[in-house]
Amino acid sequence: MGFNKNTDQKGQVIIILLLIIVVILSIALSIASRSATEITTSTNSENSSRAFSAAEAGIEKILQQSASIPLGDVGSFNVPLENMASANVIWDVYVPRPEAALEYPPLGKESFAQFWLAAPSNVSCDADSVSCYGGNNFEVYFGDINNNYSQETGNPQDQPAIEVHVIYKQGNVYKNDRFFYDSYSVAPNTGRGNNLFKGCVERNQNGIRTLTNNNVEGEESSFYCRVIVPPSPEVYNGVQLVMARVRMLYSDKSHPVALKPTVGALPVQASIYKSTGVSGNVQRTIEVYREKDVMPQFFDYVLFTAQELDKQ
Amino acid sequence: MKNCLKSTSQRGVSLVEIVLVISAVLFLGLLIASLASPIASINKSRHTSIAKEIASSQIENLRKQTYDILEGYEPEEINFTDSRLTSLSSSAAFYKVENCPIEVCALGELAKKVKVEVSWQESGETKKVELVTIISKGGIGQ
């Protein structure tokens, strides 16, 4: 019995040693694998930064050139940089596509959205009336459906209202009109606080879907409210619509806005520049959407006249 | 006879046991020694990531400045500081604004080539992260 005990004790040393080896081996393997992951991540992250800087360089260059690139033109160029990174810039997509709405990214009270209804290069529509919008009214979609506008559980004060400033040509004279809509109510009701704004033609917290396809063909977006400008289409019979500018009112939140033709298509008015930076095996892509010839912010508040102004 | 055999097995240690123990101890020593290399790699990766973040944020800072101010910076290397540089040993950081090279800006674009470099010491060697981009007049962030 004593002999057996003695033999067991000797074996324990080897077992403990083996256990220690197994523990240290596990630690070593986990550190080695973590080190391999860290090195891969860090290399990819550095390449990613280089690729992103290269893609930005490509966008900077195309923004400088964009003024001289006519709408509808197609092209590409390469930007080689010295730190083993380069960028490839292409421009071959123009928006809006036929029958699709032109959508602006969310804008707040301090900003505006401008939509061309005549071709930017041919505002009078004399030379080529085909490229100008032929309808006498259009639809405007607006409002972010991700906000809860419920009277009981949400923030109804965040429901946006819009001002639509329409510039049109009647004969040889350019004129303008302003229309106001409030998503606070559905037509024929007017907006909040007796503001006399028109209500939405359609309003839905779950979203009114419409084809926007700014980037992807067949892409749809959702909006809270749909209105028709002008409310009575006969107002613009026999005139050529030139431009519509939309501003957000009331809401402190930012809201998307889109303008959709009721017949035919809007003139092509914006280009999408795509710059892909490459460094190592990492690619980063930046897309910039640039509208042609946007009038400055103060344009809506300037009085234009061919005659002298009496300032008294 | 029986007693004699019992006594021999109690006193001696077999050759196999000795070889096993020696190889186990050697293996253990090798394992511990080889741990140093992955730990150094992890540190290097961490330092590279910090340097990359410093360089990226400096490029963003330069983009926010007006083109006229950028023109005033060229062509010297200008050192800059960042609180994260203290995490890197013997670190240095600079940016350099140059005219856009002719192979990039062949059409005479109003643009500058901007290089940001962050360097530090790691195991007796100098390591660096270098980002290069173009900043143009009226471009991103201006």
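**View 1. Elements of both chains contribute to the lining of the second largest pocket of the predicted model.** Helix α1 (2–65) of chain A supplies at least two residues of this lining. From chain B, α3 (36–64) and β4 (125–136) each supply at least two residues as well. The volume of the second largest pocket is about 180 Å³.

**View 2. Residues lining the second largest pocket.** Sorted by class, the lining of the second largest pocket holds five polar, four charged and three nonpolar residues.

**View 3. The largest pocket and the residues closest to its centre.** The space in the largest pocket amounts to about 330 Å³. Its lining is made up of 16 residues. Those closest to the centre of the largest pocket are I167(A), Y174(A), N176(A), F299(A) and F304(A). By class, eleven residues of the lining of the largest pocket are nonpolar, three are charged and two are polar.

**View 4. Strands of chain A that line the largest pocket.** At least two lining residues come from each of β6 (161–170), β7 (173–186) and β11 (240–249) of chain A. Strand β7(A) provides the largest share of the lining of the largest pocket, with four residues.

**View 5. The interface of chain A and chain B.** Contact between the two chains involves 36 residues of chain A and 44 residues of chain B. The size of an interface is often given as the accessible area lost when the parts come together. Between them, chain A and chain B bury about 3600 Å², of which 64% lies on carbon and sulfur atoms.

**View 6. Salt bridges and polar contacts between chain A and chain B.** Five salt bridges are found across the interface of chain A and chain B. A salt bridge joins E82(A) to K115(B), with the closest N and O atoms 3.7 Å apart.

**View 7. The side of chain A that touches chain B.** Helix α1 and strand β1 (75–80) of chain A each supply at least two residues of this side. The largest share, 31 residues, comes from α1(A). By class, the side of chain A that touches chain B has 18 nonpolar residues, along with nine polar and nine charged residues.

Note on methods:
Residues numbered from 1 in each chain as written. Chains lettered and ligands numbered in written order. Predicted model: local features only at pLDDT ≥ 70, side-chain atom pairs only at ≥ 80, totals over all residues. Heavy atoms only, no water. 1 Å grid on protein atoms, 1.4 Å probe; cavity = no way out; pocket = protein on both sides within 12 Å on 5 of 7 lines; lining within 4 Å. Points joined across faces, edges and corners; volume = space filled by probe spheres on them. Nonpolar A, V, L, I, M, F, W, Y, C, P; charged D, E, K, R; others polar. Contact = heavy atoms within 4.5 Å. Buried area = accessible area lost by both parts, 1.4 Å probe. Salt bridge = Lys/Arg side-chain N within 4 Å of Asp/Glu carboxyl O. Polar contact = N/O pair within 3.5 Å; in protein donor to acceptor, adjacent residues only side chain to side chain.
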